[in-house]
Amino acid sequence: MSNATDWSGRIEEARRVERDWRTKGREVIDIYRAEKTADGGSGRGRFNMLYANTSILAPAMYQQPPRADVRRRFSRANPVADRAAAILQAALNASFETGGLDSEVKRMVQDVLLPGRAVLRVRWVPVVQELLSTGPDGVPLKEVRKVWETLEYDHVFWEDFICEPARRWKEVNWCAFRHYLTRQQMREEFGDSEDIARLLDDGEWSRAAFVHSPSDTEQLSNTCKSAEPRAIVWECWDKTGRVIDWIVPGISSQLLRRDEDVLQLQGFFPCAEPLTSVSTSNTMVPVPEYEIYRDLAAEVARLTERIDAIMKRMRIRGLFNGSIEELADALDGEDGKMVAVASVEMEALASNIWLIPLDMLAQTAMALYGAREQSKQALYEVTGISDVLRGASVAGETATAQRIKGNFGTLRIDDRRRALNGTIQQVNRIAAEIMASKFSAQTLSMMSGYELTQDVEAFLRNEAMLMCHVDVETDSTIAADEFGEQETATRLVQAVGGILQTFAPLVQAGFAPPEFVAETMKMLLRPFKGSRDLIDILNQAIEQQQLQQPAQDQPQPPSQEQEMAGQQARMQAAKAQIDLQARQQDMQLRQEKHAVDMARAQQDMALQREKMLLQTARSSAPPPPHI
């Protein structure tokens, strides 16, 4: 177990490893906010490529709120697993809306595109109240009970997260989250301990601890003086000891509280693996994506400044003969103004005016415009925005051409989308673990709208069975393609119609049980989105049919109509088989005919080649001698 001093040393060492990245991250944010130039210099940038690129990539990565997709893993029927999956899916989607997941993911995307790392965590928030109850002897008692619970999704500010330096997330044994707490918040959170209450009353310690603000950077000079002073508290998660320590860092570091692992998560940490924009397999220290194309962005900014300087000099200026006073009025006049001139020959006016030539400046400006466009194209190739631009379609194009260009335009963007969806999926699974193990049956029933039976509740509480039989995924965060959904729905209807047309005669004839057809249809429906409601309707129909069907001890012999229907079905099957054999024979004959034609064509080509060789030999041979 670590104490406060050990934790302070760990955190400082990890921050030392990330110092360069944190410095670059702050600089990148200043450039994005137009508080620095493209190369990090002081001043306001004239051409903010970072802002433009981020505005394009952010909506390309994340377009719509995520939705949970929970279903059983195996195809064989399991009503308990189906009901548990439906309850989890409905509860998760409700928590996504109440927990504000959409806005937190948007902040994540901005952190990934700017400083280069984003973290999203899950909080379990139980609501407890003191309720009055009556004891065995009639004495009123106060009992603390959990009356409600929910999940909160928090985007962690990129400078408020630190973890053990490692090569990959699986090797990380601890991570910490930084909080800024006021004196009142400290009392409410840790005031139950007498030692902490005494420490908060210590004026000297408080003056040294409560000097920070959430707007702080590494320099205390940036502290907001008007805000209430706060103390820095680190929430340290130790995977080895499975404990959570709350400490105040510094020279006189203090351990505020040690919590046990209440959540009992499979991965221990309450957050998903940090999402990074540029990563390698030898370190988890990220790199801001802007560093990859900083030189190109600075070059575009320099070219823009040169263009602006030339444009400022491109003004109509020149000299004129001062003896002709009317020339000054004509040069200073507005467009279309005519000035009368007396006693001056019109042919001589051209020799009395000289304008500074602008041809060289115009040519230079055009060359700079071209150079800037080339630099922008190179920058787009590096960032992947070129794929998005090439994928942009025109209104006059066909639907197929638009889909092809749209697919091509997301080649490199798809990697970013998959990484973001993977992080959201990890958060979704953490939330599902907390709901299954910590949420009460009443809460789950209210959030999902389903009645939670004892067998379903036991299934949810069994973590091993839940993880083996239920798959927790996240739906795509990319806007749906209406044409693709319509095409998928059309294929689904055709497939269902084919099943009904094939098996309906067999069911009527009694040669195929209805349960077989129902399971076949559920197997067909399960991979499609939104199929759970259809499957529920199908299950209800099967249950009603089973209840209405009278119990029979012995099977009744088929009726005459059933025999005729069965005979007709067998005749149709035999006819289909005969047709299939006929098509196979026809295909074989066509193949043989094609082979004969190919052989004949090869022979003709060989004869033609021999004729050409013979003609060539005759033409190159010397003429016969004259006798």
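Reply: Helices (H or I, at least four residues) and strands (E, at least two) are DSSP runs, numbered from the N terminus. Asparagine 173 lies in the loop between strand S4 (161–163) and strand S5 (174–181). The model is predicted, with local features needing pLDDT of at least 70 and side-chain atom pairs pLDDT 80 or more, while totals for chains, interfaces and linings use all residues. Residues are numbered from 1 along each chain as its sequence is written, and side-chain values use heavy atoms, leaving out hydrogens and water.

Me: Why is asparagine 173 called partly exposed?

Reply: Buried means under 20% relative accessible area, exposed over 50%, and partly exposed in between, with a 1.4 Å probe and protein chains only. Asparagine 173 has 34% relative accessibility, so it counts as partly exposed. Its C-alpha atom is separated by 9.7 Å from that of arginine 242, 69 residues apart along the chain.

Me: Is threonine 37 buried or exposed, and what makes it so?

Reply: Its relative accessible area is 14%, so threonine 37 is buried. The residue sits in the loop between helix H2 (19–32) and helix H3 (49–61). The C-alpha atoms of threonine 37 and alanine 297 are separated by 9.8 Å, although the two are 260 residues apart along the chain.

Me: Why is strand S7 described as mostly covered?

Reply: S7 spans residues 243–248, and six of its six residues are buried. In a regular strand the side chains alternate between the two faces of the sheet. From S7, Val243, Asp245 and Ile247 point one way and Ile244, Trp246 and Val248 the other, and all are buried.

Me: How do you know that S7 pairs with S6 and with strand S8?

Reply: Two strands pair if DSSP finds at least two bridges between them. Strand S6 (residues 231–238) is joined to S7 by five bridges, in the antiparallel sense, and tryptophan 234 has isoleucine 247 of S7 as its bridge partner. S7 and S8 (residues 254–260) are also antiparallel, over six bridges, with valine 243 opposite glutamate 260 in S8. The hairpin of S6 and S7 has four residues between the strands, and arginine 242 there takes a positive phi near 50°. In the hairpin of S7 and S8, with five residues between the strands, glycine 250 takes a positive phi near 125°.

Me: What makes S3 and S9 edge strands?

Reply: The order S3-S2-S9 is that of an open sheet of three strands, paired antiparallel. Strand S3 (140–156) and strand S9 (275–276) each have a single partner strand, so one side of each is left without a neighbour in the sheet. Strand S2 (residues 117–134) meets S9 through two antiparallel bridges, and alanine 118 stands opposite leucine 275.

Me: Which residues form the nonpolar patch on the surface?

Reply: A patch is made of residues with over 30% relative accessible area and no salt bridge; like charges are joined within 9 Å, and nonpolar side chains (Val, Leu, Ile, Met, Phe, Trp, Tyr) within 5 Å. A salt bridge is a side-chain nitrogen of Lys or Arg within 4 Å of a carboxyl oxygen of Asp or Glu. The members are Val127, Leu131, Val147, Trp148 and Met446, with about 390 Å² of accessible area together. S2 and S3 are the elements that give two or more residues to the patch.

Definitions and conventions. Accessible areas come from the Shrake-Rupley method with a 1.4 Å probe; for residues, only the protein chains shown count as cover.
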